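This briefing covers a single protein chain.

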Amino acid sequence: MTTYFARAIEEPALEELRAADDAGRGTVAVTDEEGGAPLRCCLRRSAPGERIALVSYAPLRRWAAATGADPGAYDEQGPVFIHAEECGGPRGDGLPFTNAHRTLRRYSDEGRILGGRLVEDDFEAALTNAFDDPEVALVHIRAVEYGCFLYEVRRHR
């Protein structure tokens with residue numbers, strides 16, 4: 001069985017997002033009094049008292065800029081939580097945030113959406129199924145309630 005790895009937002013992008021988000025707005029840090037925000041920088045939930053920011057992020061646009069793809073109308077942006085300061089990234093492997101219904105969106109090398117799937121359980125099987133299609137280059141894992149991007153999984157080539 002193939003092992004899949006969640007890809008957090010990487011530090012060069014985080015550095016940019018901590019200054020201004022992908023919608024061009026300046027980033028505002030806040031103290032998370034309650035905790036529990038799903039952080040896309042380290043792929044864990046925030047702890048009470050941590051400094052975080054809610055920013056607009058365009059994951060497919062950033063991937064396309066690095067690969068030369070043109071996502072066209074699929075170039076969307078949405079809200080994500082990140083640490084307000086550098087945090088060191090994820091501590092471990094695996095697939096976080098899988099304890100709820102999630103949507104898997106599949107994308108081609110050209111940045112076009114190839115479909116989506118609601119996943120209620122067995123994330124590994126759902127990812128295997130998604131990557132069984134040789135046209136799938138990457139998969140975005142998203143929250144069902146708000147459609148927010150959580151992380152991506154890429155094909156190992």
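R18 counts as buried because its relative accessibility is 17%, where buried means under 20% relative accessible area, exposed over 50% and partly exposed in between (1.4 Å probe, protein chains only). The model is predicted: local features need pLDDT of at least 70, side-chain atom pairs count only at pLDDT 80 or more, and totals for chains, interfaces and linings use all residues. Residues are numbered from 1 along each chain as its sequence is written, and side-chain values use heavy atoms, with hydrogens and water left out.

**Surroundings of R18**

- R18 belongs to helix 1 (residues 11–19); helices (H or I, at least four residues) and strands (E, at least two) are DSSP runs, numbered from the N terminus.
- A polar atom of the R18 side chain lies 2.9 Å from the backbone oxygen of H83.
- A polar contact is defined as a pair of N or O atoms within 3.5 Å; within protein, one must be able to donate a hydrogen and the other to accept it, and residues adjacent in sequence count only if both atoms are side-chain atoms.
- Apart from neighbours within four places in sequence, R18 is in contact (heavy atoms within 4.5 Å) with E11, T27, C41, I82, H83, A84, E85, E86 and C87.

**Chain as a whole**

- The chain contains three helices and nine strands, and from the N terminus on the order of elements is α-β-β-β-β-α-β-β-β-α-β-β.
- For 157 residues, a compact globule would have a radius of gyration near 15 Å, and the 15 Å of the chain agrees with this; the radius is taken over C-alpha atoms, and the globule rule is 2.2 Å times the number of residues to the power 0.38.
- The C-alpha trace spans about 45 × 30 × 25 Å along its principal axes.
- Of the 157 residues, 43% count as buried.
- Among contacts with a separation of 6 or more, 60% come from residues 24 or more positions apart.
- The accessible surface is about 8200 Å², with 48% belonging to carbon and sulfur atoms; areas come from the Shrake-Rupley method with a 1.4 Å probe, and for residues only the protein chains shown count as cover.

**Sheet and packing helices**

- An open sheet is formed by four strands in the order 7-6-8-9, with antiparallel pairing; two strands pair if DSSP finds at least two bridges between them.
- Strand 7 (113–119) and strand 9 (149–154) are at the edges with a single partner strand each, so one side of each has no neighbour in the sheet.
- From one strand to the next, the twist averages 20°.
- Strand 6 (residues 102–108) and strand 7 run antiparallel and are joined by six bridges; R102 stands opposite V119 in strand 7.
- Helix 2 (residues 59–67) packs on the sheet and touches strand 6, strand 8 (136–143) and strand 9, its direction making about 160° with that of strand 8.
- Axes are lines fitted to C-alpha atoms, for helices over the stretch in contact, and angles run from 0 to 180 degrees between N-to-C directions.
- Helix 3 (residues 123–131) lies across strand 6, strand 7, strand 8 and strand 9, at about 145° to strand 8.

**Positive phi in loops**

- Most residues other than glycine have a negative phi.
- L43, not a glycine, has a positive phi of about 55°; L43 is in the loop between strand 2 (38–39) and strand 3 (44–45) and counts as buried at 11% relative accessibility.
- F97, also not a glycine, has a positive phi of about 60°; F97 is in the loop between strand 5 (78–83) and strand 6 and counts as buried at 8% relative accessibility.
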